[in-house]
Amino acid sequence: MNLHEYQAKELLKKYNVPVQDGIPVDTAEKAEEAYKQLKVQYGNNFAVVKAQIHAGGRGKGKIKGSEQRGVAVGKSAEEIKTIAGNIIGQTLVTVQTGPAGKLVSKVLVAQDVYYPGPNPVKEFYLSILLDRSKGQNVIMYSTEGGMDIEQVAHTTPEKIFKEWVHPSGGLLPFQARKIAFNLGLSGEAFKNCVRFVTNLYRAYVELDCSMLEINPLFKTSDEKIIAVDCKMNLDDNALMRHTDLEALRDTSEEDPTEVEARKYNLNFIKLDGNVGCMVNGAGLAMATMDMIKLSGGEPANFLDVGGTANAQTVEAGFRIILKDPKVRAILINIFGGIVRCDRVAQGVIDAYNSIGDIRVPIIVRLQGTNAEEAKKLIEESGLKVKSAILLSEAAGLVNEAVGAN
């Protein structure tokens, strides 16, 4: 589950991780008031307006049809109001959104952290994620933070450092000191960085994050270390331990079909292909997608109905798949272990009758418990549904359906 920047920063504050302060707003008038509030609190004339969407590259991204960036600096209440008005309610296009862009419903009006002082300011990069090849969390960091970190990783990979953390011991003090040292820090900034990294790692673990990225990690002129930006992804599988965090989900940022699928406990991911698939079991679903590809089609989705497929879930799956105009055929591939194939077949028939006119070919492959009974039900239903028992049969029917459309 992705979080907005302002949501992630609020969570980090609870772990004593210093962040760039800000106020999320949804109108230009509120942005003006937020600027005035920050000016009273911090005494700075400058403030930053940041579009709040689930995508990176906001600083370089532009509002569709204009030159307005997704992140902009203003030095007066009027200027902040104008910038916010140019962003809120508009579509922001970045390298991560694709040409369609994303609608901006909120902006974060944030404090200026580039204020002058006795020491130079500096931007770093730091992220924490799971290295699956080692089975350990890894802290990736660099002295070259900011908007061009991807280019740094591509052209000068030696500037990207990695620190692996063993799960049994957690982040050890010497590792936090090593990170601060490699970032070239000393004195008060060194101490602040050690505390920052230690608290950030604790937040990553205790919040069950799958990814936590701070870019830029910022050293102020008075030697403070703060998170100017924050991207936080939470592990969906761990949300049962964080019912309060589930409320932070912004469904407007997610694909509507994936949101609907979640209501029926369906594991659904939308893809760009032309063959919709409905399968029980993640492994079989992956194999089915491979089979669709080999038969000349392209999978339009990943849909795992689980081991308790019934008429309701089958109908919900049908409706979700049919919302994709690119779908030219639907393949249902069920292995009857826990679930009986004849029950699934009846669910297909009931769903077909409930939905009405389905204009794309439907291939049903049922194997396992009561597969023969299921095949008979399908064939005697009078519906335009083709049944198969062998995987090769289903592949041939998919190829035939895609080629005919």
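**A walk from histidine 4 to the cores**

The side chain of histidine 4 makes a polar contact, at 2.7 Å, with the side chain of aspartate 250; a polar contact is a pair of N or O atoms within 3.5 Å, where within protein one must be able to donate a hydrogen and the other to accept it, and residues adjacent in sequence count only if both atoms are side-chain atoms. This is a predicted model, in which local features need pLDDT of at least 70 and side-chain atom pairs count only at pLDDT 80 or more, while totals for chains, interfaces and linings use all residues. Residues are numbered from 1 along each chain as its sequence is written, and side-chain values use heavy atoms, with hydrogens and water left out.

Histidine 4 lies in the segment before helix H1 (5-13); helices (H or I, at least four residues) and strands (E, at least two) are DSSP runs numbered from the N terminus. Histidine 4 has a relative accessible area of 3% and is therefore buried (under 20%; exposed is over 50% and partly exposed in between, with a 1.4 Å probe and protein chains only). Beyond its neighbours within four places in sequence, histidine 4 is in contact (heavy atoms within 4.5 Å) with Gln52, Ile53, His54, Asp250 and Glu253.

The protein as a whole has 13 helices and 19 strands. Of its 405 residues, 50% count as buried.

In soluble globular proteins, nonpolar side chains tend to be buried together. Here the largest nonpolar core has 41 residues, and Leu12, Leu126, Ile139, Leu200, Leu207, Met232 and Leu234 touch the most other members. Such a core is a set of buried Ala, Val, Leu, Ile, Met, Phe, Trp, Tyr and Cys residues joined through side-chain atoms within 4.5 Å. Elements that each supply at least two residues of this core include H1, strand S8 (122-131) and helix H6 (187-206). H6 gives the most, with nine residues. A second, separate core of 33 residues includes Ile330, Val344, Val348 and Ile378.

Elsewhere, helix H2 (residues 28-42) and helix H3 (residues 77-87) pack at an angle of about 145 degrees, with axes 8 Å apart; axes are lines fitted to C-alpha atoms, for helices over the stretch in contact, and angles run from 0 to 180 degrees between N-to-C directions. The contact is made by residues including Ala28, Ala31 and Tyr35 of H2 and Ala77, Ile80 and Ala84 of H3.
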